[in-house]
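Subject: Structure handover

Hello,

Please find the structure below, followed by notes on what was found in it.

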Amino acid sequence: MSDLITPELVTLDKDLGTERSTVIRYLAEQVAAQGRSTEVDGLYADALARENKTSTGVPGGIAIPHCRSTAVSDATLVMARLAPAVDFGAKDGPADLVFFIAAPDGADQEHLKLLSKLARSLIKKDFTAALRAARTPDDVVALVNGALGLGDAPTAGGAGAHTAGAAGTAETAAGARTNEAAATLGTSPGGTDTTGPAVEHGRSTETRVRRLVAVTACPTGIAHTYMAADSLVAAAKERGIDLQVETQGSSGATPLDPAVIAAADAVIFAVDVDVRDKQRFAGLPVISSPVKRGIDEPGEMVEEAVAAAQNPNARRVAGTAGGGEQTDDDGGRDSVGSTLKRALLTGVSYMIPFVAGGGLLIALGFLLGGYLITETADAVVLENSLGNLPAGGLGEYLGAVAFKIGQLSLGFLVPALAGYIAYALADRPGIAPGFVAGAVAGFMGAGFLGGIVGGLLAGYVAMMIGRLSVPRWLRSLMPVVIIPLVASIVASGLMFLVLGGPIAAITVGLNNWLSGLTGTAAVGLGVILGLMMAVDLGGPVNKVAYSFAVAGLGAATLDNPAPLQIMAAVMAAGMVPPLAMALATLIDRRRFTEPERENGKAAWLLGAAFISEGAIPFAAADPLRVIPASLLGSAVTGAIVMGTGVTSQAPHGGLFVFFAIGNFPMFLVAILVGTVVSALAVIALKRYATSKKNTPVAEPVAA
């Protein structure tokens, strides 16, 4: 295993400018200079994209930009001590210590554990103090290797007195066991008697030590996951509270002991992704926040968890608790509209992989086997092989295989949509009845609309059944037998007997109407689709338009190209908002803040790949200007696409699936026109639709 860090990867007291992007670019160049990366641009882009998701600055003047990248060949640490410090988004100010963690896309577990261990060490004040006192790159390497357990830490004669020690898993577990024993004996971990009243942090505490559990997780699973865990443990220890944490990171996760969860008074979720096996915590009062808050405000989260444990009306984790009673949903205070929105977005998000992969394979099948492959694919796949090619040769055979795989993948569209809508409402017991209801909707020709209705029916029925009070002997059968069986009968029965036929008739009528649209009517539909794609930038309205488009792909033929035109309009219109914001930051940089200008760089790629969410940072900062401008440009693009008959056989990919776009030059023209219209509109709004109190240069404009 190559060294994670070498003296050549350490930069001390260097002026790298005032922008975090410049610092990240410099650090990526150091990785490439040491032969640990195949290209600078790819690594820089991956690191900057990760930075744009969540800033990597943490309290104490530290920043940990990090990413996984296919451009990285060897796991690498690069360290820079900056003069002057640079703002990486931490609440307490800019960072002068920056560690860049570059991990290969398929990094091994040993490397990932070491990277995680380093991240945990960086919240230890003695370690960071030693880094600031280090005189040479060799001193820094020795300190880091000591923290990772790869070598001896330097003595006081080197970088200053320091005993590097990472807050590893064993240390955390040992501390947790000590706290648990202390709780049993009525003493705090430091030996303080807690059998009587006490006052800590300005508040009175109960006579016994509270027991909490927590889960931390971030998208990359390298740094924030483990730093949040140790920050929470340290904050709990200061308050005399027993806290045990499960880190769901890239270096693996050791689930909390069920007995520990059962003894807990509340749970903290410091996560940016879904909690694995959330059902284990069913019934516990819950405090949930992004993982970065676990680093920035661990004390507040611990105190909120203690308060929740004492509040009988606190939000609780959804599901069936260990004792069998049904608990409230952790988002139980959501309105009906919010619940439906969450369910729809969950269903669409799980459906998209089936659609994206299947649609691209169908497009590839057309490319290799021609448009008539739809009529011969079944026979070619079943009657031929690589050793017995059809009359059309290898191209026809591979085209038929690709088309058939894609067709089968798209066949999961409606069942997956319905299944995961039900999952969002009723957790795992809702998946089976949701999939069954979706399959019934597909069988009856009810399509996308039927899938939504079937998924909602299955989810709500499963949720209501799960709330019933049943004898203890029956409780274990509820989630695996009773709920799926009854919910499937009710939801699918209603689809067969009552709802499926009318919804199918509506779907057929809608498809026939769309197929007959020409001229002005088609342009009007393009405007509507464009508006839907831009109004909430990846939200429920956007997803409805997208799902409507992909659901129609299977009905497209040479005689009925309307579904392909709708798909092209939706994709092109969805690309406009991020591309327009990127262009606007180039045309008039003074109207955008530095973080927005950095987001603009990433938005070029996001827009080109049809990721509408690339415009969200701009819309969040200035919704009353960005969203109207986006609506205008996307509507123009949708109208041009529908009016000129551009088609798309691919459901995703943007410019990267050019081979699946019919009339690709006009597709580009439509996107270019919409992008320019939106960019000019947002600049005009920022210039002239502002209050006199706003500062127009390099400051965010208040909405």
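Strand β5 (residues 76-86) and strand β6 pair in the antiparallel sense, over seven bridges. Two strands are said to pair if DSSP finds at least two bridges between them. Helices (H or I, at least four residues) and strands (E, at least two) are DSSP runs, numbered from the N terminus.

A note on the source: this is a predicted model, in which local features need pLDDT of at least 70 and side-chain atom pairs count only at pLDDT 80 or more, while totals for chains, interfaces and linings use all residues. Residues are numbered from 1 along each chain as its sequence is written, and side-chain values use heavy atoms, with hydrogens and water left out.

The chain as a whole

The protein chain has 25 helices and 16 strands. Of its 703 residues, 53% count as buried. Buried means under 20% relative accessible area, exposed means over 50%, and partly exposed is in between (1.4 Å probe, protein chains only). Among the contacts in the protein chain with a separation of 6 or more, 72% are between residues 24 or more positions apart. Contact here means heavy atoms within 4.5 Å.

Around strand β6

Strands of a sheet pair through backbone hydrogen bonds, either parallel or antiparallel. Which strands pair with β6 in the parallel sense? Strand β3 (residues 62-63) is joined to β6 by two bridges and runs parallel to it, and strand β4 (residues 66-69) also pairs with β6 in the parallel sense, over four bridges. Ile62 stands opposite Leu97 in β6, and Arg68 stands opposite Ala103. In the antiparallel pairing with β5, Thr76 has Ala102 of β6 as its bridge partner.

Strand β6 (residues 95-104) has ten of its ten residues buried, so it is largely enclosed by the rest of the structure. Ala103, which is found in β6, is buried with a relative accessible area of 0%. Ala103 and Asp74 are 29 residues apart in sequence, yet 7.0 Å apart in space from C-alpha to C-alpha.

Strand β5 also holds Pro84. The peptide bond from Ala83 to Pro84 is cis, with omega near 10 degrees.

A four-strand sheet

An open sheet of four strands has the order β10-β9-β11-β12, with parallel pairing. The edges are β10 (242-247) and β12 (286-289), each with a single partner strand, so one side of each is left without a neighbour in the sheet. Neighbouring strands of this sheet are turned by 15 degrees against each other on average, direction ignored. Strand β9 (residues 211-217) pairs with β10 over six bridges, and Val213 stands opposite Gln244 in β10.

Two helices lie across strands of this group. Helix α7 (residues 224-238) lies across β9, β10 and β11 (266-271), and runs at about 175 degrees to β10. Helix α10 (residues 298-309) lies across β9, β11 and β12, and runs at about 145 degrees to β11. Axes are lines fitted to C-alpha atoms, for helices over the stretch in contact, and angles run from 0 to 180 degrees between N-to-C directions.

Two helix pairs

Two packed helices are described by the angle between their axes and the distance between the axes.

The axes of helix α14 (residues 413-426) and helix α16 (residues 447-466) come within 7 Å and cross at roughly 30 degrees. That makes α14 roughly parallel to α16. Angles under 35 degrees count as roughly parallel, over 145 as roughly antiparallel, 65 to 115 as roughly perpendicular and the rest as oblique. The residues of this contact divide into 14 nonpolar, four polar and no charged. Ala, Val, Leu, Ile, Met, Phe, Trp, Tyr, Cys and Pro count as nonpolar, Asp, Glu, Lys and Arg as charged, and the others, Gly among them, as polar.

The axes of helix α21 (residues 562-587) and helix α25 (residues 664-688) also come within 7 Å, crossing at roughly 45 degrees. That makes α21 oblique to α25. The contact includes Ala568 and Met575 of α21, and Phe667 and Gly674 of α25. Its residues divide into 17 nonpolar, three polar and no charged.

Two positive phi values

Asp13, in strand β1 (residues 10-14), has a positive phi of about 55 degrees although it is not a glycine. Asn663 lies in the loop between β16 (661-662) and α25, and its phi is near 65 degrees. Asp13 is partly exposed, with a relative accessible area of 47%, and Asn663 is partly exposed, at 41%.

Regards
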